[in-house]
Amino acid sequence: MEQQTKTSGRALGAALKPRQLTMMGLGSAIGAGLFIGSGAGIQAAGPAVLISYLVAGTLIILVMWALGEMAAANPDSGAFSVYTAKAYGPVAGATVGWLWWLQLVVVIAAEALGAAGLLATIFPALPVWLMAFVFIVVLTAVNLTSVKNFGEFEFWFALLKVAAIVGFLLVGAALLFGWLPGVQSPGLANFTGAGFAPDGFAGIATALFVVAFAFGGTEIVSVAAAETAEPARSVKKAVRTVLWRILVFYIGAIFIIAAVVPVGSAGLKSPFAAVLDAAGMPGAATAITLVAVAALLSALNANLYGASRMAYSLAERGEAPRLLASVSKARVPVVAVLASVAFGVVTVVLELAFPEKVLPVLLNIVGSTCLLVWTSALLAQLALRLRADREGTALPLRMPGFPWLTVVGLVILAAIFTVGFIGEDSRPQLLSTFALVALLAVANWLHHRNGKVPGGVVASERDKQPVLID
C-alpha cells in the first residue's frame, strides 16, 4: 500500500523517489533564466558577473540548507508557509503561502506563452495560442494522474537540461583550450584589465539583483519532500548533491560565456547559442531554443505542482476554501490543481487578447516574491532552530555554521533588496511586491480575526480531515 505522509500532507501520497527529488532540485534551478537570461548579467557586470553568481549561489546554498533542515524534521506540503506559521504565527505563514501561490500561477501563464513563442520561431506555422493551451492541458493531465507521474516527467525534464549543460561545458572547454579543429581559441582576453569589471562594483551589484532570480524555484524541493517515502533521507541527499552541482553548472557555464562572448555583443541575447556558433557547431540556435522550451515546460510542470500543494496546505489549515483540500483516489489534490491552472489559463487568454498589457503587469507585481520567500525561510529556520536547541530537540539534518551562516544569508538578501531599491528599473517591482504582501497580510489578519475561511466556513479540527473524491 502506498505510504502517506504524516504531516499536513497526510492525505497525499508518498510516491516520489529520492532520485526524482534530487533531479527536481537540480532541474528547478536550471531554467530559461540560465539558457537565455544569463546574458543580461554579463551585460551589466562583464566577466565580473562571476562574483555576482558566486554570491547568489552562496545565498541559495544557505536557503536550501535552512529549508532542508526544516523539511527533514517536519515534511509538509506547505513547507516554508507552515514553518513561518510555526515561527511567527498563522497570519505570517498564510501570507507567505498565498504570496508564493500567486507567483506560481502567474508564472505558469508566462511559461506556457514563452515556450509556445520560442517553438514558433522554429515552427512558425504553429499558432502560439494553440501550443500554449496544449502545453497547459498536457501538463495538467500529468499533475492530475499521480505524483509518481509528475516526478518521472520532472526527472526526465531535468536530465535533459543537465545533459545540455554538460555538453555545453565540454564544447566550451574544448573551444577555450583550442582543441576544436579549424577554430581559434578566444583565450581569456575578456578577463584581463579593465574589461573584467567595466562598471566596477556598481555593475557587480546590479548584476547581483539580476542573477539572484536565476536560482528561483529551488524552494520547491521543500514542498515535494512531503510526498517522498523517506523525507528525511531524501531531503538530505537532495540538499547535499544539488548544491555543488548547481554551482558547477552555473559557474562553469557563465565562465565559458564570459570568456567567449564580449560585453556589448549582440550574442548576449542568446549566450549559449553564441558560444556554440563560435565553436562552429551547426544548428546551435535551434538546439538551444529546444532546450529552452524544455526548460520552460519543466518549470511549468513543477510550478503547477507547487501551486497545487500550497493551495492544498492552505485549505487544510483553514486558510483557504475547504474544497481545495479534496484529494482523489490517487492522492492528488485535484481541485487545487484545477484552481491553480485555471488562473494561468485566464491570464493566457487575457494576454492573447490584450498583448503586453496583462502579463507584464502581473509579473511585475510578483517579480520579487522569491526573495521574500527565501527571507521567510531563513527567518523561520533561525527561530525554529533556536527553539529546538533550547528544548533539546534532535534534528535529522542540521544546517552547519548556525546561526552565523543563517545571518550571512539574511545579510546577502538585505544587500539584494538595497540594490533593488536603488535601481530605478527594479524599484517599482519591489514596491509592487511589497504592496501585495501588505494586502495579503491585512486580508489574512481579517480572516483570522473573524475565525472563518474565505468561503465563510469556520475552520475546526473536524474540517481539517482529508476529503476524498472519486
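Which residue follows α5, and is its phi positive or negative? Helix α5 is followed by G89, and the phi of G89 is positive, near 110 degrees. The structure described here is a predicted model, and the mean pLDDT of the protein chain is 84, with 91% of its residues reaching 70 or more.

**Confidence along the chain**

- Among the elements of the protein chain, the highest mean pLDDT, 95, belongs to helix α16, which spans residues 369-391, whereas the lowest, 50, belongs to strand β2 at residues 467-468.
- Over residues 1-9 the pLDDT stays under 50, and for this stretch the model has 30 contacts beyond four places in sequence.
- A further stretch, residues 453-466, also has pLDDT below 50, and the model gives it 26 contacts beyond near neighbours in sequence.

- Helix α5, formed by residues 79-88, is mostly covered, since seven of its ten residues are buried.
- The buried residues of α5 are A79, F80, S81, V82, Y83, T84 and A87.
- These buried residues pack against several other helices, namely α4 (49-73), α6 (90-122), α10 (220-224), α13 and α16.

**The pair α6 and α7**

- The axes of α6 and helix α7, the latter running over residues 128-145, come within 8 Å and cross at roughly 130 degrees.
- An angle over 145 degrees would count as roughly antiparallel and one from 65 to 115 as roughly perpendicular, and α6 and α7 are therefore oblique to each other.
- The crossing of α6 and α7 is right-handed.
- On the α6 side the residues that meet α7 are A112, L113, A115, A116, G117, L119 and A120, while α7 contributes V128, M131, A132, F135 and I136.
- Sorted by class, the residues in the contact of α6 with α7 comprise eleven nonpolar, one polar and no charged.

**The pair α12 and α13**

- Helix α12 (residues 271-278) packs with helix α13 (residues 284-316) at an angle of about 150 degrees, and their axes are 8 Å apart.
- Angles over 145 degrees count as roughly antiparallel, and α12 and α13 are therefore roughly antiparallel to each other.
- The crossing of α12 and α13 is right-handed.
- The contact draws on F272, A273, L276 and D277 from α12, together with A284, A285 and I288 from α13.
- By class, the residues of this contact of α12 with α13 divide into six nonpolar, no polar and one charged.

- T369 is found in helix α16, the element of the protein chain with the highest mean pLDDT.
- With a relative accessible area of 0%, T369 counts as buried because it falls under the 20% cut-off.
- Leaving aside neighbours within four places in sequence, T369 is in contact with L99, W100, Q103 and T433.
- V334 is found in helix α14, which covers residues 334-353.
- V334 has a relative accessible area of 17%, and is therefore also classed as buried, since the cut-off is under 20%.
- V334 and L372 are 38 residues apart along the chain, and in the model their C-alpha atoms are separated by 28 Å.

Terms used. Residues are numbered from 1 along each chain as its sequence is written. This is a predicted model: local features need pLDDT of at least 70, side-chain atom pairs count only at pLDDT 80 or more; totals for chains, interfaces and linings use all residues. Side-chain values use heavy atoms; hydrogens and water are left out. Axes are lines fitted to C-alpha atoms, for helices over the stretch in contact, and angles run from 0 to 180 degrees between N-to-C directions. Helices (H or I, at least four residues) and strands (E, at least two) are DSSP runs, numbered from the N terminus. Angles under 35 degrees count as roughly parallel, over 145 as roughly antiparallel, 65 to 115 as roughly perpendicular and the rest as oblique. A crossing is left-handed if the near helix is turned anticlockwise from the far one by less than a right angle, and right-handed if clockwise. Contact means heavy atoms within 4.5 Å. Ala, Val, Leu, Ile, Met, Phe, Trp, Tyr, Cys and Pro count as nonpolar, Asp, Glu, Lys and Arg as charged, and the others, Gly among them, as polar. pLDDT is the predictor's confidence in each residue, from 0 to 100. Buried means under 20% relative accessible area, exposed over 50%, partly exposed in between (1.4 Å probe, protein chains only).
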